[in-house]
Structure formats: C-alpha cells, structure tokens
Amino acid sequence: MDQDETPIVSALADYHRKDRYGFTPPGHRQGRGAAETAVDVLGKDTYRSDVLASAGLDDRSSSNGYLQKAQELMADAVGAQHAFFSTCGSSLSVKAAILAVTRGTGEILVGRDAHKSVTAGLILSGLQPRWISPSWDDELHLAHPPSPEAVESMWQRHPDAAAAMIVSPTPYGTCADIQTIAEICHQRGKPLIIDEAWGAHLPFHDDLPTWAMDAGADICVVSVHKMGMGFEQGSVYHLQGGLVDPVRLRQCADLLSTTSSSVIMYAGIDAWRHQMAQHGRRLLDDALNLATDLRSRIDTLSGIHVLEDELIGAEASHDLDRLHVLMDVQELGISGYQAADWLRTNCTIDVGLNDHRRIEATLSTSDDESSAQRLMKSLQALCSAAKDLPRPSEVRLPRSSDLEMKTVKLPRDAFFGPVEVVPVEEAAGRIAAEQITPYPPGVPAILPGERINAAVLEYLVSGKEAGMVLPDPADPSLKTIRVVPEPPEAG
Ligand SMILES: Cc1ncc(COP(=O)(O)O)c(C=O)c1O
C-alpha cells in the first residue's frame, strides 16, 4: 500500500477546502457558535476540524471509505491482518477483545496485574477470571509480567478457558516473553490477547521490545496517545490469525462504542501512522539515544537511581522499553508521591507513574535535548530540596502472596448484587463489591468478588495517608468500603 497516503487527514483538508456546512451535529458548526472562552483557549482550528464522521467528513454511507482505508494502511504499516481504530481509548478496545474471544460466557486467563479497564471488562461480561500470577518482585515491590511457566500452569489447571490476556509492556515499560506465551496458547488452539496500551511505537524500531503481533499474539491493543502522537483516547486494536472472528471483534467494539467518533482523533491516528511509516526509524532512534543519555545523566544525581538491570532477567521481565525512565527516589528520603507533587508545584513539570518510592518519566519522539535538560534541572532542584521536605509517612507494603486474594464470587455478581457499606476496619474477611485501584499505575488492588485481607487494607489505608490516589471506590477517602452482604451466622 502507499504509506504516503493519509485518507482521513486528506479528507479533512478537502472538507475545509470545499467549505462544507452541516445542519447536523456537532452543533457548534465548526466553532461558529462555540463559547468564546473555549475558543480563546482551544483555538478556532480545534472546532473547525471537529466534524461529523459520516454525512460530514465522508458521505452518509461512507462510500469513500476513508476510515476503512486508514485502518488498512495501519494494518499494512505494522504487519497485522486487521487494524480497527477506536476513539474510546484502549479501555474500550480491551473490553471488546475480551468479549470477542469469550462470546460472553465461561472463563478467561488474565494476568492479575491487569489494568482496571480489563477488570471492568470482566465485571461487564460476567466472565470467570482465572488469574495468572505476575512475577512479583518483593524487593522492588512491583509486578513483572507473568512468565510463560505461569501461563502454562494456568492452562493446565483451566484448559477450558477461552483465551489468555497479558499486559505487556507494563506501565513500567517491562515486557513479557510474548512469543513463548503465544506458542503455549496456540498449542491449545487458544488465542492470546496482549494489552499493549504502552506499546504503540514498538512496531517501528528494531531496538524496542518485540511488538505483540510479531511475537505471534492474536489480538493486541495499543493506545496511540501514550507512546504515539495521537490525541488522548485514540486507540487501535489489531488482529491476526484465524482464532478470532474479525466481524465479531468489530461488532463487540460497536456494542461498547460511541456513535459519534471524533474525526480529530481519527486524524491524529492516521497522521501518526503516516509519520511512523515515513520517519519512525529515525525519530525513535533519536528518542532511544536521548533515553540512553538521560538515563546515565540522571543516575549521576545523588539520591536518584534509574532502574534498568534489576527490571530485566530470569526472575524479572523479559525485556524493557528504555523510553520508560523509572527512577527510585527512596535515597532522597522522600516518597514518589512527594517527588511528583514537588516537581509539579516548583518546576511545573508532571511525571507519570508514581508510587511509594518511584517516579517515572516516559520519553517520546517529541522529546529532545531541551525537554531532557528541563527534566534534569528539575531533578537536580528536587535533590537539593528533598532534605527539607517532611519524612514520608510509611506505606505498609503487603507481601506478594497477600496481594493475590481469592476470587470467591464472579466479579459481575459481586459488583451488581446487593451491597453493604462497612467501615474499612471491618472489611477484612468480607467480599469486595467494588474495585479499588491505586492510580497510577491503575492495577486494582481489590476487585469485586475478592475476599479482602487485612494486609491489602493496611497497604491502601497507609498508602492513602502517604499520598496514594484511589479514584474508583465510592468513598475515595477509604473510610468505608462496599462489600457483599453476608447472611448472619446461624445460631
Ligand atoms: C496497561 C493499560 N491498559 C489499558 C489502559 C487504558 O488505556 P486508555 O487510557 O487508552 O483507555 C491503560 C491506561 O493507562 C493501561 O495502562
């Protein structure tokens, strides 16, 4: 295919050139009627390009096939059989994938380090999750992706599960041995879904970890806004092989999707694919060189350590995307939460993932020496300021075995059934009726249907005091928790 084409971007340019006008949504009529306050901040062009997809950008039957063509170009660029665009984030794409492989019933093997959008898919679908243990690192207190052995052992225990689903790369940039895991699944004729939300750029450079389709996965979901250059919410899900019906996959996404997809988001995905096909190798070369250089410069700062060797290896992850610069700030005597807040307040920079002892800067092809210097200067200032910051309150970290609580009820039944609200002090031993997720990285510590233990509660309560953010429980202060009512004991 001609990778120089940009069907959606070109159609949008044509829309502007022809001065089309729609007596249709969006009602702002390309910004003519939009609030001035918004136009002042967003700019006229944002509204100008926010047009209807069908009976707007394309005609009412989409006879020009702009979206279809853009998706085919994406599949061609990355070497997948099918590519589908979504404007509802990977959060929608992973749910569509789950529904498509399981037909909405039965069991699925899922890494327990799954993102909350995956677990939300389990709640909605009513599937029985069979949790694959990630490789917990009790020293670093983080989860590496599940090993092939862990996947094999789960297949032996649950041979009737419909598919396996793994997150790779994780938000730390660590990757699973997808090739071996795909072979294990395929020996049983079962599909493998990879949540590669953090891996949109992987197909475009050989020095990055292997991208899921090259490693043999059946479905892989990427967020174009995370490591690519798309707008927030832009996602692509890719499919190959004969184990998953493409029509079913598309229709499952259709069930969950908006009927008003954003043309701006589509254009962002289309343009980014074009940019990667034309210049991806060079742009990623530059980004990787910058990452190597920045990693060693940060490592010279006293009190900050950049993680690398300890993340990869036999007991850890299979590979690492070095654009994720994960920094341990423990030696500064502060928490990752404090470091992130201090950098935002004092240096006007934000970092991504942060936890009790780490912060992470993700680099992209947009970064250059000047943004790297800005980060370096801010980190130097943090190192000087750290001694005057209050000591962090202790986060009482659970052992990895405590993090794997038993799922004793279907997540759907626990979530949608009757609920009792109990003080957090009384929640140990009860079955959770809501998910509770430290964000970032967005991996639920508690899921509906799990029997809650005291160690995880202590972790969340002490984490909350130290600055952890819990956006999803009904009571974000975590004074109370929603649990499944239990009948009073007989006698
Ligand atoms: C591993 C993983 N999967 C899925 C998602 C959801 O992606 P999106 O924000 O595109 O909906 C995220 C978001 O952070 C994620 O980290």
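Glu486 is partly exposed, at 35% relative accessibility; this class lies between buried (under 20% relative accessible area) and exposed (over 50%), using a 1.4 Å probe and protein chains only. The model is predicted: local features need pLDDT of at least 70, side-chain atom pairs count only at pLDDT 80 or more, and totals for chains, interfaces and linings use all residues. Residues are numbered from 1 along each chain as its sequence is written, and side-chain values use heavy atoms, with hydrogens and water left out.

Glu486 forms a salt bridge with Arg430, at 3.9 Å from N to O. A salt bridge here is a side-chain nitrogen of Lys or Arg within 4 Å of a carboxyl oxygen of Asp or Glu. The partners sit 56 residues apart: Arg430 in the loop between strand E15 (420-423) and helix H15 (454-466), Glu486 in the segment after strand E16 (480-483). Helices (H or I, at least four residues) and strands (E, at least two) are DSSP runs, numbered from the N terminus. Arg430 is buried, with a relative accessible area of 15%. Shared partners join Glu420, Arg430, Arg451 and Glu486 into one salt-bridge network.

Asp328 and Arg357 form another salt bridge, at 2.7 Å from N to O. Asp328 belongs to strand E13 (residues 324-328), and Arg357 to the loop between helix H11 (336-347) and strand E14 (358-362), so the pair ties together parts 29 residues apart in sequence. Both residues are buried.

Lys69 pairs with Glu5, the closest N and O atoms being 2.6 Å apart. Lys69 lies in helix H4 (residues 66-78) and Glu5 in the segment before helix H1 (7-18), 64 residues apart. Lys69 is partly exposed at 29%, as is Glu5 at 30%. The salt-bridge count comes to 23.
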